[in-house]
Amino acid sequence: EDIWYSKNVDFSFQTMDSLSCTEIEQCYENVFGLKNNHCAYLLKSRACRDSMFLYDCNNCSDCFMSVNLRNQKYCIRNQQYSKDAYVEETTKIAFQDPAAVAELRKEFDERRRAAVHRFANNVSTVNSTGDNLRNVKNGKLCFDTYEAENVAYVFRTTRLKDSMDAMYTGLGSELMYEYACAGEASSRVLFSTSCYAG
């Protein structure tokens with residue numbers, strides 16, 4: 001609901017300019033995010049709130065311009081602050097000035113390049129290969145795949161089981177082969193595209 005200029009954003013609200021995110025709310029420019037709330041300029045970060053310019057951060061709140069943080073609060077440039085000091089420092093930043101934001105983006109790119117990079121953006125994944133996987137078991141070369149089991153060569157699927165060579169399948173589909181753009185709960189569909197229940 002209320003999603004603008006975004007792609008592959010699921011179960012989310014009031015979000016703009018984002019890509020491949022799930023359950024985010026009031027966010028701007030989130031990429032590969034999960035359960036972020038009231039955040040801007042986040043990349044590969046999960047369960048963060050009231051934060052800006054984070055890369056590969058998890059369960060962080062009120063953080064700014066940081067990378068590789070876990071379970072942190074009131075951090076600026078990976079340095080811990082008290083709540084009052086954090087508020088005082090962040091109020092000095094001119095977020096409304098496009099030139100200032102452009103400089104912040106440049107700084108963020110430099111910090112992101114210097115950060116520790118995981119080999120893949122996978123969470124709760126067992127016996128699987130690919131990237132941007134969450135809750136996947138027995139997946140081979142899967143990408144942007146969530147809550148799937150026994151799948152191979154799939155892209156952008158959610159709750160898919162026992163399938164191969166599929167992309168953009170509907171929630172809860174199974175036994176799919178050589179398939180693209182399925183409706184929800186599709187089953188036993190082969191060599192097809194754009195099939196939806198009527």
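Which side chain does the side chain of Asn 121 make a polar contact with, and at what distance?

Analyst: It's the side chain of Arg 118, and the distance is 2.8 Å. (A polar contact is a pair of N or O atoms within 3.5 Å; within protein, one must be able to donate a hydrogen and the other to accept it, and residues adjacent in sequence count only if both atoms are side-chain atoms.) A quick word on where this comes from: the model is predicted, so local features need pLDDT of at least 70 and side-chain atom pairs count only at pLDDT 80 or more, while totals for chains, interfaces and linings use all residues. Residues are numbered from 1 along each chain as its sequence is written, and side-chain values use heavy atoms, with hydrogens and water left out.

Asn 121 sits in the loop between α2 and β11 (122–123); helices (H or I, at least four residues) and strands (E, at least two) are DSSP runs, numbered from the N terminus. Asn 121 counts as buried because its relative accessibility is 9%, where buried means under 20% relative accessible area, exposed over 50% and partly exposed in between (1.4 Å probe, protein chains only). Skipping residues up to four places away in sequence, Asn 121 touches Phe 32, Lys 44, Arg 46, Asp 131, Asn 132 and Leu 133, touching being contact between heavy atoms within 4.5 Å.

Strand β12 (residues 130–140) and β13 run parallel and are joined by eight bridges. They belong to an open sheet of six strands, ordered β11-β12-β13-β14-β15-β16 with parallel pairing; two strands pair if DSSP finds at least two bridges between them. At the edges are β11 and β16 (187–195), each pairing on one side only. Further in, β13 (residues 142–158) is joined to β14 (residues 161–167) by five bridges, and Val 151 stands opposite Ser 163 in β14. Next, β14 and β15 (residues 174–182) pair in the parallel sense over four bridges, with Met 164 opposite Tyr 177 in β15.

Val 101, Leu 104, Glu 107 and Phe 108 are buried in α2. Seen down the axis, the buried residues of α2 fall within an arc of 120 degrees, so they line one face of the helix; the arc is taken from the directions from the helix axis to the C-beta atoms. The face turned away carries the exposed Pro 98, Ala 99, Glu 110, Arg 113 and Ala 114.

What covers the buried side? β6, β7 and β8 are among the cover. Take Phe 108, which counts as buried at 8% relative accessibility: leaving out residues up to four places away in sequence, Phe 108 touches Tyr 41, Phe 53, Leu 54, Tyr 55 and Met 65.
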